[in-house]
Structure formats: structure tokens, C-alpha cells
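Work through the following exercises with the sequence and the model side by side. Each task is followed by a solution that goes step by step.

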Amino acid sequence: MSDVGFPSASRAATVVPARSRSVAAAELAGIPWASGLDAVERERVQADMRVVQVQAGELVCRVGRPVTYWFGVIDGLLKMSNDSAVGMPITFTGVPPGGWFGEGTVLKMEPYRYNIQALRKSLVGGITAQTFHWLLDRSIGFNRFVMMQLNERLGQFIAAREIDRLTDPDARVARSLAALFNPVLYPGVGHLLRITQQELGYLVGLSRQRVNEALQALQTAAVIRVEYGGVRVLDLEALRRYGRGA
DNA sequence: TCATTAAATTGTT
DNA sequence: AACAATTTAATGA
């Protein structure tokens, strides 16, 4: 449960040996919002971006910590827990590859409002808040990405509240999966989401057995296909509507 | 590259 | 929660 090796302004750089590295140009091309940048912007981002591998259970950022980076999942799976400082945890959201988060807090330069922890060994990238703002000031494509991101996430939170009220476990699993397959928020996922049934159970709040049962039902309904270590979506629209009227 | 072994994940009780 | 079956990853010839 230690912090990751992003050099936070105050201490981490001295406590944790630099586990972060820079990115190659080829890797940068795989990052969703990087394709819309011009050469100058891309160069600065490449110089600024740090990539670090986090182990399962490690915290990427903690509530109340000063904002230093805008983060994104390059590979793996993170869990965003939106718990209040003292109270009970409120919502759990999975963050699959292609997901970038924290722009709300980076924008306002407020402390982080969530805990983000790795559900499995993951590769996380980040750019500094300074570079984030620099991009906002000059790249229209970047602005468009962030705007889409904010808008889409709003929809996600509304959907998440609805999922919490659902009683049918199959429907809960279906909707949660649909959220993870969101092509706007998580362009890195594609049609095959790498997630174990154990991890899914942890996100949805169900036992692994029940998740397995739900996945089988969804597969029978020809909405998804269950694969080893992952789920393939066959009909995203049907997955979103599952448990409601067709 | 292939065969063997260990580890992870799944399906079932 | 425990178990067996299956799939993947790691290892070494």
C-alpha cells in the first residue's frame, strides 16, 4: 500500500527509487489523445510523460494529495474508489486501458478526490499538471478530448447510481461491463476486455461464483463471449439495455 | 521451437 | 469455501 514512484513535488522522488521511465515515440502513438497533437506538442508530451509499472494493490493517487499528474491507464486495470474522507466508500469504478482521469482536479488544482489503486499489475502513464494546462491552452484536439471525457464521465456516474439500485445480479454485471466497454472513455479496450471474474466481482460487489453465473447468462443471451481472463463484447447496445425493455 | 512445470483462472459443488 | 479442470506463462533443453 505504498505510493508509486511519480516524483511528487515533496518527497516521493527521494523515498522511492525512480521506477518511472519515459516513453518511446511508438508508445506515445498508442495513447488516444496523442494522435491529435502537432509535432511540437507531441515532443513536449514525450519529454514530460512518465510511465510506471504498479503492482496489484498499489495506490496511484490518494485522496487529499496535491495534484501533480494527470494519469492514464496504458495497460492493466485500476479501481477508482470515490470514498469520502471519513464515511463509507460510495462508488467503485474500474479503469481499463485507455482511461485517463483526474482532469477535474487538475483543472481546478484541487487535491485528488478519489483513491485509485491497481487491481492488477498495470502500466500507468502521467503528464504533469503544467503540461496538461499548456496543452489546454494551445491544442484544440486536446480540448476536445478532455471535453468528451468530462461529458462522458458525467453519464457514467449517473449510470453508476442506477446500477447500484438494480437488484438483479445479471443486470448489474451487464451494466458494469457496458461501462467498461465505453469506447469514448476507454478506447484501449476494444472488443476484448481483459478482466478476471474475480476482479469483476470485486468491482460489482458480487461473489466470483455469482459473476460466473451472470457471465454465462449473458453469453447465452449472445451479448458477450466469456474467454479465459477476459470478456468479449458481441453486442454493446444489448449489454447496455440488459435487464430493461429491449 | 518444443516439452515440461508452475501459476493463474475458470467452472462446479 | 473448496476442488478439479483448463489455460496461460515461465523455464530450460
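**Exercise 1.** In this predicted model, find which residues of α5 meet which residues of α6, and describe how the two helices are placed.

Solution. Begin with the residues: on the α5 side they are F132, L135, L136 and R138, and on the α6 side they are I140, F142, N143 and V146. Sorted by class, the residues of this contact are six nonpolar, one polar and one charged. Next, take the geometry, for which two packed helices are described by the angle between their axes and the distance between the axes. Helix α5 covers residues 129–138 and helix α6 covers residues 140–165, and their axes come within 6 Å and cross at roughly 110°. Angles of 65 to 115 degrees count as roughly perpendicular, and α5 and α6 are therefore roughly perpendicular to each other. Finally, the hand of the crossing, in which α5 passes α6, is left-handed.

**Exercise 2.** Determine how α9 is placed against α8, and which residues make the contact.

Solution. Helix α9 spans residues 208–220, and the axes of α8 and α9 come within 8 Å while crossing at roughly 105°. The two helices, α8 and α9, are therefore roughly perpendicular to each other. From α8 the contact takes Q197, Q198, L200 and G201, and from α9 it takes R208, V211, N212 and L215. The classes in this contact of α8 with α9 are three nonpolar, four polar and one charged.

**Exercise 3.** Carry out the analysis for α7 and α9.

Solution. The axes of α7 and α9 come within 9 Å and cross at roughly 75°, and that angle makes α7 roughly perpendicular to α9. In α7, the residues P169, D170, V173, A174 and L177 meet R210, A214, L215, A217 and L218 in α9. By class, the contact of α7 with α9 holds eight nonpolar and two charged residues, with no polar ones.

**Exercise 4.** Describe the largest pocket: how much space lies in it, and which element gives the most to its lining?

Solution. The lining consists of 32 residues, and the closest to the centre of the pocket are Q156, A159, A160, I163 and A179. Elements giving two or more residues to this lining are β5 (92–95), α6, α7 (169–180) and α8 (197–204). Among the elements, α6 gives the most, with eleven residues.

How values were computed:
Residues are numbered from 1 along each chain as its sequence is written. Chains are lettered from A and ligands numbered from 1 in the order in which they are written. This is a predicted model: local features need pLDDT of at least 70, side-chain atom pairs count only at pLDDT 80 or more; totals for chains, interfaces and linings use all residues. Side-chain values use heavy atoms; hydrogens and water are left out. Axes are lines fitted to C-alpha atoms, for helices over the stretch in contact, and angles run from 0 to 180 degrees between N-to-C directions. Helices (H or I, at least four residues) and strands (E, at least two) are DSSP runs, numbered from the N terminus. Angles under 35 degrees count as roughly parallel, over 145 as roughly antiparallel, 65 to 115 as roughly perpendicular and the rest as oblique. A crossing is left-handed if the near helix is turned anticlockwise from the far one by less than a right angle, and right-handed if clockwise. Contact means heavy atoms within 4.5 Å. Ala, Val, Leu, Ile, Met, Phe, Trp, Tyr, Cys and Pro count as nonpolar, Asp, Glu, Lys and Arg as charged, and the others, Gly among them, as polar. On a 1 Å grid over the protein atoms alone, a cavity is a set of points where a 1.4 Å probe fits but cannot get out, and a pocket is an open set with protein on both sides within 12 Å along at least five of seven lines; lining residues have an atom within 4 Å of a point.
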